[in-house]
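Try each task before reading its solution.

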Amino acid sequence: MIVLVVNSGSSSIKYQLLNMEDETVLCKGMAERIGIPGSRIIHKKAGEKFVIEKPMANHDDALKFVLETLKDEKYGVINDFKEIDAVGHRVVHGGEKFSGSVLIDDEVIKAIEEFSYLAPLHNPPNLMGIKAIMRLLPGVPNVGVFDTAFHAKMPKKAYLYAIPYKYYEKYKIRRYGFHGTSHRYVSRRTAEILGIDYNNSKIITVHLGNGASVAAVKNGKSVDTSMGFTPLEGLVMGTRSGDLDPSIVTFLMEKEGLTSEEVYTILNKKSGVLGLTDNFSSDMRDIEDKALENDPLCRLVLDIYEYRIAKYIGAYVAAMNGVDAISFTAGVGENSPITREEICENYLSYLGIKIDKEKNNVKGVERVISTPDSKVSVLIVPTNEELMIARDTKEIIEKGIKQLEY
Ligand SMILES: Nc1ncnc2c1ncn2[C@@H]1O[C@H](COP(=O)(O)OP(=O)(O)O)[C@@H](O)[C@H]1O
Ligand SMILES: CC(=O)OP(=O)(O)O
Ligand SMILES: [Mg+2]
């Protein structure tokens, strides 16, 4: 079975074509700068990378061009669109409705549309991708895989905010959590690598990408996670503030004469590492480089970034009353030895955690980085959300079912 995976964001679309007989990636890439000058596709096939410049005015245009690329003589890997058996889509917000991946029909599309008010930056572009594929590949089944689904069954004590209960009933204001596909993959893989029973384990997964979140996974289920009602809560991120006192919002509105939308933009797009460094960079590579050159501000920002992560790990040890393993993943988690080492050494040694500095000194390699006598295992597990999306898609199509339960 050949599955196309689509992760449709606001200005970029990531794609991967997989042969699910042996789970190999046939080709992958990203259409970027959609709707703005300089749009192009970065396409990878058999270890070779191509940059293809092409005007793409919207998501329809972009996906049309992605599909053409898949069967292009030079870049392509298929001869006919009929070879694509199904398409799996990343969808960020599934509200309370979806606790597993689903076959997309009109009713599911309506629900994703309804949840757009909960994820205005993410769900509308996800939907544009789904609708474009439906137009371009009629008759091919589509599956939605939600960021929120893995967290959907966390206990009520973890997902309710202490505000009047009527707002939960009226607007469904609660913790949803995101990056669920990554936390699900990484926690399961952690148990496999360690040879422990996933259904009888306590694992903390630390997803540090541009957006970042931590999850407490107990007996194979997410019991708490740091992102909340929206992907703004929790850790310090590239451009997002993470946790803050909510009265800062009303204070800023009053003092600076800002609208709610303006404050929302500041907290989502101008805060985090970018805001703390006074617009120097949102990329942790830049912060690390400067911190290593003893730049005091970047050193402070790295401390703030690590401190917040360490506090969440401590909280989730409490949430699960213990921990067997901690796994780092995504851009920073996979590629930053200093971040992993400083979090473990400066804050977690009380747990009996010991890091093997040699083993930790790698980028993007799946491995255990704690010493054999460390009381808790620490790992690097490169995430693979696309593979999870393709696996769910295959399972739903092959079994002929409407919804998967994790
Ligand atoms: N070698 C590295 N050292 C530190 N940070 C890195 C490194 N490589 C990538 N990153 C960080 O990873 C982030 C992107 O992570 P990624 O998981 O690709 O994010 P997303 O999927 O949210 O776009 C970048 O913003 C950058 O800060
Ligand atoms: C939900 C979310 O924060 O996603 P990303 O990390 O891709 O921005
Ligand atoms: Mg990501």
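**Exercise 1.** Find which backbone atom lies 3.4 Å from an oxygen atom of ligand 2, then describe the surroundings of this ligand.

*Solution.* 
Step 1. In this predicted model, the atom is a backbone N or O atom of Gly211. The cut-off for a polar contact is 3.5 Å between N or O atoms, so the pair at 3.4 Å falls within that limit.

Step 2. Turn to the side chains. A polar side-chain atom of Arg240 is 2.7 Å from an oxygen atom of ligand 2. For Arg90, a polar side-chain atom is 3.2 Å from a ligand oxygen.

Step 3. List the shell. Arg90, Gly211 and Arg240 are part of it, together with His122, Asp147, Phe178, His179, Met227 and Pro231. By class, the shell holds 3 nonpolar, 3 polar and 3 charged residues.

**Exercise 2.** Identify the polar contacts of ligand 1, and say which element gives the largest share of its shell.

*Solution.* 
Step 1. Start with the backbone. A polar backbone atom of Met284 lies 2.8 Å from an oxygen atom of ligand 1. Val332 also places a polar backbone atom 3.5 Å from a ligand oxygen.

Step 2. An N or O atom in the side chain of Asp283 is 3.1 Å from an oxygen atom of ligand 1.

Step 3. Ligand 1 has 580 Å² of accessible area on its own, of which the protein covers 72%.

Step 4. Assign the shell to elements. Two helices, α10 (284–292) and α12 (330–335), each give two or more residues. The largest share, 4 residues, comes from α12.

Step 5. Describe the whole shell. There are 14 residues around ligand 1, and the closest are Asn210, Asp283, Met284, Arg285 and Gly331. They divide into 3 nonpolar, 6 polar and 5 charged residues.

**Exercise 3.** How do the axes of helix α6 and helix α15 cross?

*Solution.* 
Step 1. Know what to look for. Two packed helices are described by the angle and the distance between their axes.

Step 2. Apply this. The axes of α6 (residues 180–194) and α15 (residues 385–399) come within 9 Å and cross at roughly 90 degrees. Therefore α6 is roughly perpendicular to α15.

Step 3. Name the contact residues. From α6 they are Thr181, Ser182, Arg184 and Tyr185. From α15 they are Glu385, Leu387, Met388, Ile389 and Asp392.

Step 4. Sort them by class. The contact has 4 nonpolar, 2 polar and 3 charged residues.

Key:
Residues are numbered from 1 along each chain as its sequence is written. Chains are lettered from A and ligands numbered from 1 in the order in which they are written. This is a predicted model: local features need pLDDT of at least 70, side-chain atom pairs count only at pLDDT 80 or more; totals for chains, interfaces and linings use all residues. Side-chain values use heavy atoms; hydrogens and water are left out. A residue is near a molecule or strand if one of its heavy atoms lies within 4 Å of it. A polar contact is a pair of N or O atoms within 3.5 Å; within protein, one must be able to donate a hydrogen and the other to accept it, and residues adjacent in sequence count only if both atoms are side-chain atoms. Accessible areas come from the Shrake-Rupley method with a 1.4 Å probe; for residues, only the protein chains shown count as cover. Ala, Val, Leu, Ile, Met, Phe, Trp, Tyr, Cys and Pro count as nonpolar, Asp, Glu, Lys and Arg as charged, and the others, Gly among them, as polar. Axes are lines fitted to C-alpha atoms, for helices over the stretch in contact, and angles run from 0 to 180 degrees between N-to-C directions. Angles under 35 degrees count as roughly parallel, over 145 as roughly antiparallel, 65 to 115 as roughly perpendicular and the rest as oblique. Contact means heavy atoms within 4.5 Å.
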